[in-house]
Amino acid sequence: MTHSPVPVNIADKLSQFSDLWSQKKIADVNDYEVKLAKLEGEFVWHTHEDTDELFLVISGRLTLQLRDGDVVLGPGELFVVPRGVEHCPVADEETAILLLEPTGTLNTGDAGGPRSKTPETL
């Protein structure tokens, strides 16, 4: 069976949800998930011991608090948090991001807790 290629429209996918801090899977790349999320406020400090985590800001502004200083990202900017580096995402306004991380990576990393969520597929 042939599969006709269809591009993923990020703006269209972002329009399909409004909940905050809830990752939505939009594609798979090998053993990685490409996910979207909308953020506002402060998340939890956490670490991913086994993987790096790529954050790409689509709209808004994201501050990645790190123990040795903050990284502030605007639209079109990305930052990779290295494995084992404790971080806490903060968005002072509603911010849309794209994440790239291995399938099964927990959003709260080692912190766990009530904000842990499995990504939904859009």
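**Fold, cores and cavity of the predicted model**

Of the 122 residues in the protein, 41% are buried (buried is under 20% relative accessible area, exposed is over 50%, and partly exposed lies in between, with a 1.4 Å probe and protein chains only). The model is predicted: local features need pLDDT of at least 70, side-chain atom pairs count only at pLDDT 80 or more, and totals for chains, interfaces and linings use all residues. Residues are numbered from 1 along each chain as its sequence is written, and side-chain values use heavy atoms, with hydrogens and water left out.

The protein has 1 helix and 8 strands (DSSP runs, H or I of at least four residues for helices and E of at least two for strands, numbered from the N terminus). Along the sequence the order is α-β-β-β-β-β-β-β-β. The accessible surface comes to about 6,700 Å² (Shrake-Rupley method, 1.4 Å probe; for residues, only the protein chains shown count as cover). Carbon and sulfur atoms account for 51% of this surface.

The largest nonpolar core holds 15 residues (a nonpolar core is a set of buried Ala, Val, Leu, Ile, Met, Phe, Trp, Tyr and Cys residues joined through side-chain atoms within 4.5 Å). L39, F55, L62, L64, L73 and I97 have the most contacts inside this core. Two or more of its residues come from each of β2 (32-42), β3 (53-59), β4 (62-66), β5 (69-73) and β7 (87-102). Another core, of 7 residues, lies apart from it; L14, F17, I26 and V34 are among its members.

F55 has contacts well along the chain. Neighbours within four places in sequence aside, F55 is in contact with residues including L62, L64, L73, E77, I97 and L99. E77 sits in the loop between β5 and β6 (78-81). This residue is partly exposed, at 39% relative accessibility. Not counting residues up to four places away in sequence, E77 touches F55, L56, V57 and V72. E77 and S59 are 18 residues apart in sequence, and their C-alpha atoms are 9.8 Å apart.

Rolling a probe the size of a water molecule over the atoms shows where empty space is left. The whole structure has 1 cavity of 30 Å³ or more (on a 1 Å grid over the protein atoms alone, a cavity is a set of points where a 1.4 Å probe fits but cannot get out; lining residues have an atom within 4 Å of a point). The volume of the largest cavity is about 110 Å³ (the space filled by probe spheres set on the points, which are joined across faces, edges and corners). The lining has 12 residues, and W21, Q23, F43, F55 and L99 are the closest to the centre. At least two lining residues come from each of β2, β3 and β7. The largest share, 3 residues, belongs to β7. By class, the lining has 8 nonpolar, 3 polar and 1 charged residues (Ala, Val, Leu, Ile, Met, Phe, Trp, Tyr, Cys and Pro are nonpolar; Asp, Glu, Lys and Arg are charged; the others, Gly among them, are polar).

W21 lies in the loop between α1 (10-14) and β1 (24-29). Its phi is positive, about 60°, although W21 is not a glycine. W21 is buried, with a relative accessible area of 11%. N30, in the loop between β1 and β2, also has a positive phi, near 50°, in a residue other than glycine. N30 is exposed, at 75% relative accessible area.

Key. Contact = heavy atoms within 4.5 Å. 1 Å grid on protein atoms, 1.4 Å probe; cavity = no way out; pocket = protein on both sides within 12 Å on 5 of 7 lines; lining within 4 Å.
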